[in-house]
Amino acid sequence: MSNTRLFTQTAKSPVFSTISFALIVFLVYAVAFISKFSVHPSEINASEVLNAPPQIPSDTQNVADKTSQVQAPKAEKSSDTIPQVSTVQEMNEADELDEEEDAETPDPLIPPAKASKEQRMEWFRRKLPELEILNSTNRSRKFHGRVVKFFDNQCAIQFFMIWFSPTRMFGPRDFLSVDTLMKTNPEACLVLLSRSLDTRRGYKILKPLLDRGFKILAVTPDLPSLVKNTPAEAWLKKIKSGKIDPGKNPLAIHLSDLIRLAVLYKYGGVYLDTDFIILKDFKGLRNAVGVQGEDQVTHKWTTLNGAAMVFDKEQPILFEFLQEYAATFDGNKWGHNGPYLLTRVIKRIDDLSWYNLTILPTKAFYPVNWVQIKSFYNTPATPEDSKWVEETVQELNKETYGLHLWNKVTRGFVINERSVIDRLIKSHCLVCKKTYNS
């Protein structure tokens, strides 16, 4: 009771009123001061906090935003290079490419089945506006500059591969070719000519190897500049005008045959298909192609294959190949513009020494054909089988630069434990995944 009376008297005091008023004024100014310099977490720009480039993959952007609200990690320099996206427009184009490659739309390069020549050519003329690969685009025009700059990276050897399918189809067995190439040729530079891999999603596929410091560039090819001033330049103009029958086989196959020849002619280096296990260093090879088939009696070669080729820049025989392609193109015969083209041209040459050309034996790249290769995937069931596997692996490691896997036939094969393929993968890959059977 006495405490209450004391508080009442104090409250009526002039001194207490003055102190109370001053305290209220102080609190009002303090709140205003804090509000002026406070920033709500949602107003923080993640790229500013992280010092991150605008090329962060879109599916990791949300994670980056949340992280920036908690702490600001130190920016680290990285040797990785996400596909060169220098403007908002190009970044949007890259996003569109990612979306397009996931779309379940028919491949515009595959002609309708059972169509007559006239029907097929009419279909092709209608499809021409969709065939971006035949023309130069904003992205493809940068091809030469990007490749030249990339090859300034002290490359021991220049390698090329081609991938025309969507990124979702670039599976573990395709990655295996890149993986084993980098393991056996660590100082080499690899250019993947691919519109679909020249995207953020493509970058993420290659990132396990890029993180290890390997020199790999996925770049959209520019066909017009590649064939410029070659015999194939006139062929490209004709097919773009709709005057050439593209044939019943997918046009992508024929364009791959052409681009591998053109890129070697313009830049020089090694071309490889994406269905190899690379077993050896390529430094000792120059101006060489491999034998695919030979006569069982005479053991003379009968067929060559362009799945693996090594050539100097502007090698004269590459000009002959391009001339043959333009003069004899046939989209209806499987292999006509590829392995059989190489075979035709080289068989016509009496003296190969003028071209400084080496014909490598079958064991260099094609020690087993697509019929016999099934045995390379089987688990040894007997001691004799185990001995055969061991001897085969030893011979391949000694004599073969790269084992062609004939993925068109073998993609569905299971890679069984302790098989020849299993042994080679485990001893020659860097990023060995358990999904090689998927």
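How many aromatic pairs does the count come to? I began my notes with this point, and I record at the outset that the model is predicted.

**Entry 1: aromatic pairs**

I found that the count comes to 22 aromatic pairs. I looked up one of them, W123 with F124, which is tilted, with 6.4 Å from centre to centre and 40° between the planes.

I turned next to Y366 and W406. The centres of their rings lie 6.0 Å apart and their planes meet at 40°, so I noted this pair as tilted. Y366 belongs to the loop between α15 (362–365) and α16 (383–399), while W406 belongs to the loop between β9 (402–404) and α17 (407–410); the pair therefore ties together parts that are 40 residues apart in sequence. Both Y366 and W406 are buried.

**Entry 2: charges over rings**

I asked which residue lies over the face of Y401. K280 does, at 4.6 Å from the ring centre. I also recorded K374, whose charged end sits over the ring of F413, 5.2 Å from the centre of that ring.

**Entry 3: the disulfide**

My search of the whole structure returned 1 disulfide. C155 and C189 form it, with their sulfur atoms 1.9 Å apart. I read the torsion about their S-S bond as about -80°, so this disulfide is left-handed. The pair links distant parts of the chain, 34 residues apart: C155 is in the loop between α7 (143–150) and β1 (158–162), and C189 is in strand β2 (residues 189–193). C189 has a relative accessibility of 0% and so counts as buried.

**Entry 4: helix α6**

Which residues of helix α6 are buried? In this helix (residues 117–127) I listed R120, M121, W123 and F124. Seen down the axis of α6, the buried residues fall within an arc of 160°, so they line one face of the helix. On the face of α6 turned away from the buried side I found the exposed residues E118 and R126. The cover over the buried residues of α6 includes α11 (232–240) and α12 (251–267).

**Entry 5: P380**

I located P380 in the loop between α15 and α16. Its relative accessible area is 10%, so I marked P380 as buried. P380 and S419 are 39 residues apart in sequence, yet I read 6.6 Å between them in space, C-alpha to C-alpha. Leaving aside neighbours within four places in sequence, I listed the contacts of P380 as D385, S386, V389, E417, R418 and S419.

**Entry 6: strands around β4**

I asked how strand β4 (residues 269–272) is joined to β1. The two run parallel, and 2 bridges join them. With strand β7 (residues 301–311), β4 pairs in the antiparallel sense over 4 bridges. Here I noted L272 opposite A308 in β7.

Definitions and conventions. Residues are numbered from 1 along each chain as its sequence is written. This is a predicted model: local features need pLDDT of at least 70, side-chain atom pairs count only at pLDDT 80 or more; totals for chains, interfaces and linings use all residues. Side-chain values use heavy atoms; hydrogens and water are left out. Rings of Phe, Tyr and Trp (its six-membered ring) pair if their centres lie within 6.5 Å; planes under 30 degrees apart count as stacked, over 60 as edge-to-face and the rest as tilted. Buried means under 20% relative accessible area, exposed over 50%, partly exposed in between (1.4 Å probe, protein chains only). A charge sits over a ring if NZ of Lys or CZ of Arg is within 6 Å of the ring centre and within 35 degrees of the ring normal. A disulfide is a pair of cysteine sulfur atoms within 2.5 Å. Contact means heavy atoms within 4.5 Å. The arc is that of the directions from the helix axis to the C-beta atoms. Two strands pair if DSSP finds at least two bridges between them.
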